[in-house]
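Please consult the sequence and the model while reading.

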Amino acid sequence: MTNELSDKVTVVFASQTGNAESIARNICDEAIARNFSSKCMVADDLDKAALEAENVLIFVVSTTGDGDPPDNCIKFWRQLRKMKSDNILPHVQYAILGLGDTNYDNFCNTAKRLDRKFQEVGATPFYPRGLADDATGLEEIVDPWIEGLWDALAKVCSRGGQTDRVDEIANTMDSIKVESHGLTAAETEELQSGHKIMINEGALANLSQLTGLPRIPNSVCKIADSAKAEAVKTEHGIPGYIKVPGSVFTGKIKGARMLTSPDAIKRTIHLSVDISECSNELEYAAGDAFGIVCPNNELLVNGILQRLGVSEEESNQIVDIEPLTESTTLPTHLQGIQGATIADIFRYVTDLTSLPKKGFLRMLAEHTSDETEKKLLLLLSSKQGASDFNSLKEQMPTLLDILSTFPSCKPPLARLIENLPPHQPRYYSVSNSPLKHPKLLNFAFNIVKYSSPEPFNVPKVGVCTPWLDDLSGLVQTKEDNEIQPSMRASIPLFLKKSQTPFVLPSNTNTPIIMVGPGTGVAPFVGFCQHRDEQRKIKARMGTLGRNPSLDIENCFGEMWLFYGCRHKERDYLYRKELEDLKTRGVLKELVVCFSREAEDGEPKYVQDNLRKYGEEIYKLMAEKNAYFYLCGDAKNMAKGVNEALTDILCEYGGLAKMEAIGKLGEWTAEGRIFRDLWA
Ligand SMILES: Cc1cc2nc3c(=O)[nH]c(=O)nc-3n(C[C@H](O)[C@H](O)[C@H](O)COP(=O)(O)O)c2cc1C
């Protein structure tokens with residue numbers, strides 16, 4: 001290893017939805033503030049030559065899919081896999097911060113694999129790996145990990161670390177007079193004006209010092225008049241600068257159907273989207289997922305712009321987003337924004353509803369004139385305000401809620417835009433087969449409407465599903481669901497590329513077990529349709545071919561579907577289709593349970609039914625080489641299903657628990673167990 005010390009530090013991120021990128025940029029900025037010579041880059045830009053030139057690397061990497069690396073580190077990953085010797089990166093010292101979610105099986109898989117690989121190729125970790133969990137709040141691990149990083153970094157670098165940041169705010173707390181503020185009542189207001197957040201103002205009374213405040217994020221962008229005369233739109237009705245991982249197509253709503261009864265706890269809608277205008281390019285398979293590029297709620301966007309004092313004329317002015325200086329790089333999602341309107345940026349580029357980070361609140365404090373409000377914002381972002389910050393998170397405030405709670409907060413637009421996370425497309429599984437409906441894309445979704453937990457009880461709505469609900473409302477007025485083309489609402493969509501595709505086995509003989517409660521059943525409706533069509537084709541071929549008595553059943557493996565919902569009569573999704581598939585023998589078994597109706601001892605959840613049919617499941621998997629598919633909620637259901645499978649292998653295969661877990665891992669690696677989960 002080269003012992004030559006340098007002050008150069010490279011922060012590398014691999015990020016799917018922006019968290020790792022934003023943390024990496026903050027680490028880089030803070031490193032610069034502490035006199036290190038630091039730069040930040042995306043993993044895919046770290047090619048072989050760059051790796052050879054680097055001595056000190058800090059990685060911030062998330063995990064996506066089913067334990068997969070994010071899209072922007074696939075190239076980097078490929079290159080790492082090619083490195084076989086243990087002496088390729090002996091000059092590299094590194095630290096890794098992983099982001100993940102313990103609701104998923106492969107928690108922080110990217111960080112763990114990267115760490116292993118770097119050690120295999122001779123690199124040395126200079127600071128213990130941190131693994132942050134979105135299920136409990138990333139900050140719990142991220143903040144102390146970054147705090148401890150600087151001493152470790154100073155030791156591997158020749159300089160830097162000497163200049164501890166002086167926290168000017170810590171010294172000003174005493175001098176800020178606390179005035180009565182009236183922020184303690186929960187007020188339910190219209191969406192345009194936001195819901196005020198309940199904050200325990202009393203927490204300020206005995207505080208003279210705040211510690212652990214995050215850095216104020218650096219300014220990176222400016223809003224400039226655009227040379228373009230008109231706002232950029234594409235043919236899909238969305239601005240062309242929006243970055244999504246795939247080519248965007250326009251689908252038109254062809255039909256909408258309610259899958260639940262009016263007394264169901266959640267409303268679920270089936271939408272049928274006509275893709276005939278792009279079906280040549282948009283090639284999908286049963287089980288695929290696609291993303292929808294939906295705008296933020298218009299009332300929310302307008303409410304925020306109004307609150308910020310942006311007039312209608314200003315919100316429609318044509319602008320570019322530019323780096324503040326020649327040496328600053330814009331966050332990925334703000335790059336290439338030209339010919340935009342401020343309103344479109346808030347509609348399509350910035351996330352207005354996800355939970356605020358402490359660094360964001362600290363930034364807002366800098367633009368808050370009322371001292372009590374400022375002090376509260378600083379408290380919320382400090383160590384002393386940890387419980388108040390947790391209470392704020394429980395209230396799930398939108399940006400508008402935050403701004404209306406702190407009326408004197410007036411951040412400049414550029415400051416706000418650069419500090420908001422990127423707005424994300426929403427993903428859905430296709431619920432039909434292209435073999436049956438080549439020009440359609442069907443899917444099912446629950447309309448996301450809920451309340452924040454007691455005692456707050458503030459009504460909340462999702463971003464995409466209420467939008468889709470509105471669009472489908474347009475067409476539901478017609479009884480037969482057939483609509484006039486002129487009435488058809490458009491949906492911008494793109495096919496999701498998956499590193500672990502959720503597809504049927506190519507050999508139709510392979511038996512399959514499908515487990516999908518709730519809307520998790522959607523891809524399996526597509527699988528069944530596909531097999532149904534394949535059986536019909538085979539039947540036709542059988543009568544024409546060399547063996548007219550070809551036995552269809554021998555050509556097609558058994559299909560088992562485990563489905564679950566709350567009530568048989570209220571939310572049994574696709575009931576008619578599924579029962580029909582069972583009657584016609586496409587499905588060998590349709591095993592359904594109803595969690596709110598099960599008597600004592602009866603199966604309540606899909607995992608209970610898996611246990612009930614344990615012996616059959618074991619034979620299918622261990623003797624008949626079946627494929628196993630799981631789709632739905634990662635939180636409770638996926639864990640329960642995993643445990644049931646482990647128990648089945650122990651009971652019917654005579655394996656010890658660790659052997660059973662190992663066997664499931666083996667089957668997953670062989671590509672016989674597929675998961676499509678969401679937390
Ligand atoms: C579709 C999806 C799949 C995910 N899969 C995993 C996973 O397999 N393991 C894990 O630890 N975290 C998983 N996560 C959690 C993310 O890693 C976590 O939310 C992280 O903060 C995202 O960081 P990013 O915005 O930089 O991508 C998943 C999140 C999503 C939305």
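How far does a polar side-chain atom of serine 62 lie from an oxygen atom of the ligand? In this predicted model, the distance is 2.8 Å.

| Residue | Atom of the residue | Distance to an oxygen atom of the ligand |
|---|---|---|
| Serine 62 | polar side-chain atom | 2.8 Å |
| Asparagine 19 | backbone N or O atom | 2.8 Å |
| Aspartate 134 | polar side-chain atom | 2.5 Å |

The protein buries 86% of the 650 Å² that the ligand exposes when taken alone. The ligand is surrounded by 21 residues, of which Ser15, Gln16, Thr17, Thr63 and Asp134 are the closest. By class, this shell comprises 12 polar, 6 nonpolar and 3 charged residues. At least two residues of the shell come from each of helix 1 (19–33) and strand 4 (93–100).

Attention now turns to the cavities. The structure contains 2 cavities of 30 Å³ or more. The largest has a volume of about 50 Å³, and its lining consists of His195, Lys196, Ile197, Gln395, Pro397, Asp401, Val458 and Lys460. This lining includes 3 charged, 3 nonpolar and 2 polar residues.

The second largest cavity has a volume of about 40 Å³. Ile617, Tyr618, Met621, Leu645, Ile648, Leu649 and Trp667 form its lining. Helix 20 (614–623) and helix 21 (637–653) are the elements that each contribute two or more residues to this lining. The lining of the second largest cavity has 7 nonpolar residues, with no polar and no charged ones.

Note on methods:
Residues are numbered from 1 along each chain as its sequence is written. This is a predicted model: local features need pLDDT of at least 70, side-chain atom pairs count only at pLDDT 80 or more; totals for chains, interfaces and linings use all residues. Side-chain values use heavy atoms; hydrogens and water are left out. On a 1 Å grid over the protein atoms alone, a cavity is a set of points where a 1.4 Å probe fits but cannot get out, and a pocket is an open set with protein on both sides within 12 Å along at least five of seven lines; lining residues have an atom within 4 Å of a point. Grid points are joined across faces, edges and corners, and a volume is the space filled by probe spheres set on the points. Ala, Val, Leu, Ile, Met, Phe, Trp, Tyr, Cys and Pro count as nonpolar, Asp, Glu, Lys and Arg as charged, and the others, Gly among them, as polar. Helices (H or I, at least four residues) and strands (E, at least two) are DSSP runs, numbered from the N terminus. A residue is near a molecule or strand if one of its heavy atoms lies within 4 Å of it. A polar contact is a pair of N or O atoms within 3.5 Å; within protein, one must be able to donate a hydrogen and the other to accept it, and residues adjacent in sequence count only if both atoms are side-chain atoms. Accessible areas come from the Shrake-Rupley method with a 1.4 Å probe; for residues, only the protein chains shown count as cover.
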